[in-house]
Amino acid sequence: MADSIEIRDGASEDDGGFELLSASLRASSGDLKTFVEVLADKLEQALPGRVTVERRAVKRFSKKKRVARIEVALGDNRYIALAQGGALETRCAKAVRGVVLKSEVLSLDAWLEAIAHDLAIEAEASEQSRLALEQLLGG
């Protein structure tokens, strides 16, 4: 998969809420599968109704499922994370009236920063978004 990133241990040197969240998530997980599960759970709890998580069976006819795709809808932006073959691809898609016009691959840290930025903008006008941002950064 082109433009994918591998999840590695270690924190970003940049300061900021989502860099710290990202570093914290990476430090608490030794592998991509665990990282994606934790990320999906945190986003689902912080942004109910705005996050769609697609889970797929680990093996055929298995009841055990893993996160394959996470989509966060914030305004006209759709933040998508795809977990495949030991790599995580993160994208930002611009949608207008439900039609995606542009999609670009982002690094994990840039993806998390973009979500934080959109939430911060919404938080200025919305108490729910402010609480979601606080939950993500503090929870």
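This is a predicted model: local features need pLDDT of at least 70, side-chain atom pairs count only at pLDDT 80 or more; totals for chains, interfaces and linings use all residues.
**Notebook: salt bridges, sheet and core**

Entry 1. D41 forms a salt bridge with R55, with 3.6 Å between the closest N and O atoms. I noted that this pair connects distant parts of the chain, D41 lying in helix α2 and R55 in strand β1, 14 residues apart.

Entry 2. I then followed R55, which is partly exposed with a relative accessible area of 31%. Its side chain also meets that of E44 in a salt bridge, at 3.4 Å from N to O. Here too distant parts of the chain are linked, E44 in helix α2 and R55 in strand β1, 11 residues apart. E44 has a relative accessible area of 29%, so this residue is partly exposed.

Entry 3. I looked up a further pair, E54 and R56, whose side chains form a salt bridge at 2.5 Å, N to O. Through shared partners, salt bridges join D41, E44 and R55 into one network. I read E54 as partly exposed because its relative accessibility is 30%. R56 is likewise partly exposed, at 49%. The structure holds 5 salt bridges.

Entry 4. I turned to the overall layout. The chain has 4 helices and 5 strands, and from the N terminus its elements run α-α-β-β-β-β-β-α-α. Of the 139 residues, 37% are buried. Among contacts with a separation of 6 or more, 41% come from residues 24 or more positions apart. I recorded an accessible surface of about 8,200 Å², with 48% belonging to carbon and sulfur atoms.

Entry 5. In what order do the strands of the open sheet lie? The order is β1-β2-β3-β4-β5, with antiparallel pairing. The edge strands are β1 (51–57) and β5 (99–106), each pairing on one side only. Neighbouring strands are turned by 20° against each other on average, direction ignored. Helix α2 (residues 32–46) packs on this sheet, touching β1, β2 (65–74), β3 and β4, and its direction makes about 40° with that of β2. Helix α3 packs on the sheet as well, touching β2, β3, β4 and β5, at about 150° to the direction of β3.

Entry 6. I checked the pairing in detail. Strands β3 (residues 77–84) and β4 (residues 87–96) run antiparallel and are joined by 8 bridges; Y79 has C92 in β4 as its bridge partner. β4 and β5 pair in the antiparallel sense over 7 bridges, and R91 stands opposite V105 in β5. The hairpin of β4 and β5 has 2 residues between the strands, and R97 takes a positive phi near 50° there.

Entry 7. Which residues touch the most other members of the largest nonpolar core? I found L43, I70, V72 and W111, out of 29 residues. Elements giving two or more residues to this core are α2, β1, β2, β3, β4, α3 and α4 (127–138). The largest share, 7 residues, comes from α2. Leaving aside neighbours within four places in sequence, L43 is in contact with V51, I70, V72, W111 and L136.

Entry 8. Is W111 buried or exposed? W111 counts as buried because its relative accessibility is 0%, the cut-off for buried being under 20%. Not counting residues up to four places away in sequence, W111 touches L39, L43, Y79, I80, A81, T90, R91 and L106. W111 and A81 are 30 residues apart in sequence and 8.9 Å apart in space, C-alpha to C-alpha.

Key
Residues are numbered from 1 along each chain as its sequence is written. Side-chain values use heavy atoms; hydrogens and water are left out. Buried means under 20% relative accessible area, exposed over 50%, partly exposed in between (1.4 Å probe, protein chains only). Contact means heavy atoms within 4.5 Å. Two strands pair if DSSP finds at least two bridges between them. Axes are lines fitted to C-alpha atoms, for helices over the stretch in contact, and angles run from 0 to 180 degrees between N-to-C directions. A nonpolar core is a set of buried Ala, Val, Leu, Ile, Met, Phe, Trp, Tyr and Cys residues joined through side-chain atoms within 4.5 Å. Accessible areas come from the Shrake-Rupley method with a 1.4 Å probe; for residues, only the protein chains shown count as cover. A salt bridge is a side-chain nitrogen of Lys or Arg within 4 Å of a carboxyl oxygen of Asp or Glu.
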